[in-house]
Amino acid sequence: MTETSHAQQARVSSHVEGSRLTVALAGVWNSETAGAIEAKVRSLVAEGGTPGAVTLDFSQVTRLDTLGGALVRAIEEGFSARGVPVERTGLSGAARTIYAEVAEGLAEPPPARPVPKPGYVQALDKVGEQMLDAKGDLVALVAFFGRVVLAAGSIFTGKGRFRLAAVVTQLDRVAFRAVPIMFLITFVIGAIIAQQGIFFFRAFGADTYVVDLVAILTLREIGVLIVSIMVAGRTGSAFTAELGSMKMREEIDALSVMGLNPVEVLVLPRLIALVVGLPLLTIIGDLSALAGGAIVAQIYGNIPIDIFLQRIQEEVAHRHVWVGLAKAPFMALIIGLVACVEGLRVQGSAESLGMQTTASVVKAIFMVIVVDALFAVFFASLGY
């Protein structure tokens, strides 16, 4: 059979019915007739316009191979690229199988699966992401502190109102109701330090130095640090949960609509109560830890309580007391700012409330330890 006769056997025609374009395929569509019919196929696709729908009629096709199917596929893809739906009719069983293979072979290959990064690269990526998150948290903390300063300034300039009742209420919750648990925890910590110190110093015959250990360590570091961590877990989480619940119920938005500053109404009384209450709790914690240390020293080290107190007065300088108390307001401010920032970040779900409360406690404890370390370096550089 010659090429010319084959070309006559492959035919394509089209007609429009309403908004539908019907493309009638006839004859032999294979590798021998593909070259002759290709120009007609391109012309049909180029001049077909954008009908409402296209029907490919295979009922008159007597033979179809993969190359002929590729030409038909070009017609289908040309109209599909314009957003025109294309449907097929009249496909025989064998032709349907061949055309399905052609369509699958010409389909876009699936995207290559990304090559997994080595473990150390993933670890570095994670560290980088956490550093960026930490930077964002620090910026948010500083920005929120600026809002607090503006709210405090409005009170001093008479544009705002100092809410004494709210401060007293928060002080009762922050400080006075926390006295029993702070007393118990610091008492146990002081007792443990004294017990371990006695067993260590006894090997050198220097039992009385346990008084210096308990007093200096408690007054400078442990007292304020333990109290701050307890306040971060107890009060900081409560602040975050309260503000987060108000955010979920849109009560904070309601305050803004009423013309009130949420920072002045909700945040400032809590911060003031923390700044006042945490030093008071620190004093109670220091006394409780010294009491625990004195009792254990008398039981385990045979050091009478009056000797314990006398050695504190003789050997422990007053500066150790002031060093510990000087840290308390700063730690209170850090805890309050972190707790309020995380509370205002709560979205509209209970899961978000739980996540931000957890983040508040973790970040506040971390910041407390960092601030304590910075103060330790600062006072050591001053020789104080």
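How many salt bridges does the structure hold? The structure holds 13 salt bridges, a salt bridge being a side-chain nitrogen of Lys or Arg within 4 Å of a carboxyl oxygen of Asp or Glu. The views below come from a predicted model, in which local features need pLDDT of at least 70 and side-chain atom pairs count only at pLDDT 80 or more, while totals for chains, interfaces and linings use all residues. Residues are numbered from 1 along each chain as its sequence is written, and side-chain values use heavy atoms, with hydrogens and water left out.

**View 1**
Four strands form an open sheet in the order 1-2-3-4, and their pairing is mixed; strands (E, at least two residues) and helices (H or I, at least four residues) are DSSP runs, numbered from the N terminus, and two strands pair if DSSP finds at least two bridges between them. Strand 1 (11-17) and strand 4 (86-89) stand at the edges with a single partner strand each, so one side of each is left without a neighbour in the sheet. From one strand to the next, the twist averages 20 degrees, where axes are lines fitted to C-alpha atoms, for helices over the stretch in contact, and angles run from 0 to 180 degrees between N-to-C directions. Strand 2 (residues 20-29) pairs with strand 3 (residues 53-64) in the parallel sense over nine bridges, and Leu21 stands opposite Val54 in strand 3.

**View 1. Two helices beside the sheet.**
Helix 2 (residues 34-47) lies across strand 1 and strand 2, and runs at about 20 degrees to strand 1. Helix 3 (residues 66-80) packs on the sheet, where it touches strand 2, strand 3 and strand 4, and its direction makes about 180 degrees with that of strand 3. Contact here means heavy atoms within 4.5 Å.

**View 2. Helix 5 and its buried residues.**
With 38 residues, helix 5 (residues 119-156) reaches 56 Å from its first C-alpha to its last, close to the 56 Å expected at 1.5 Å a residue; the expected span is 1.5 Å times one less than the number of residues in the helix. Leu141, Phe144, Val148, Ala151 and Ser154 are buried in helix 5, where buried means under 20% relative accessible area, exposed over 50%, and partly exposed in between (1.4 Å probe, protein chains only). The buried residues of helix 5 pack against helix 10 and helix 12 (318-344). Just after helix 5, Gly158 takes a positive phi of about 85 degrees.

**View 3. Glu242 and its two arginine partners.**
Glu242 forms a salt bridge with Arg173, and the closest N and O atoms are 2.1 Å apart. This pair links distant parts of the chain, since Glu242 is in helix 8 (residues 209-248) and Arg173 is in helix 6 (residues 164-174), 69 residues apart. Arg173 counts as partly exposed because its relative accessibility is 28%. The side chains of Glu242 and Arg270 also meet in a salt bridge (2.8 Å, N to O), and this pair joins helix 8, which holds Glu242, to helix 10, which holds Arg270, across 28 residues. Both Glu242 and Arg270 are buried.

Asp286 is found in helix 10 (residues 262-300). Asp286 is buried yet has no salt bridge, and the nearest side chain of opposite charge, Lys327, is 10 Å away; Lys and Arg count as positive and Asp and Glu as negative, whereas His and the chain ends are not counted. Leaving aside residues up to four places away in sequence, Asp286 touches Thr218, Leu219, Gly223 and Val224. Gly223 has its place in helix 8 and counts as buried because its relative accessible area is 3%. The C-alpha atoms of Gly223 and Ala289 are separated by 7.3 Å, although these residues are 66 residues apart along the chain.

**View 4. Two loop residues with positive phi.**
Glu250 lies in the loop between helix 8 and helix 9 (251-257), and its phi is near 65 degrees, a positive value in a residue other than glycine. Glu250 counts as exposed because its relative accessibility is 52%. Asn302 lies in the loop between helix 10 and helix 11 (305-315), with a phi near 55 degrees, again a positive value in a residue other than glycine. Asn302 is exposed, with a relative accessible area of 66%.
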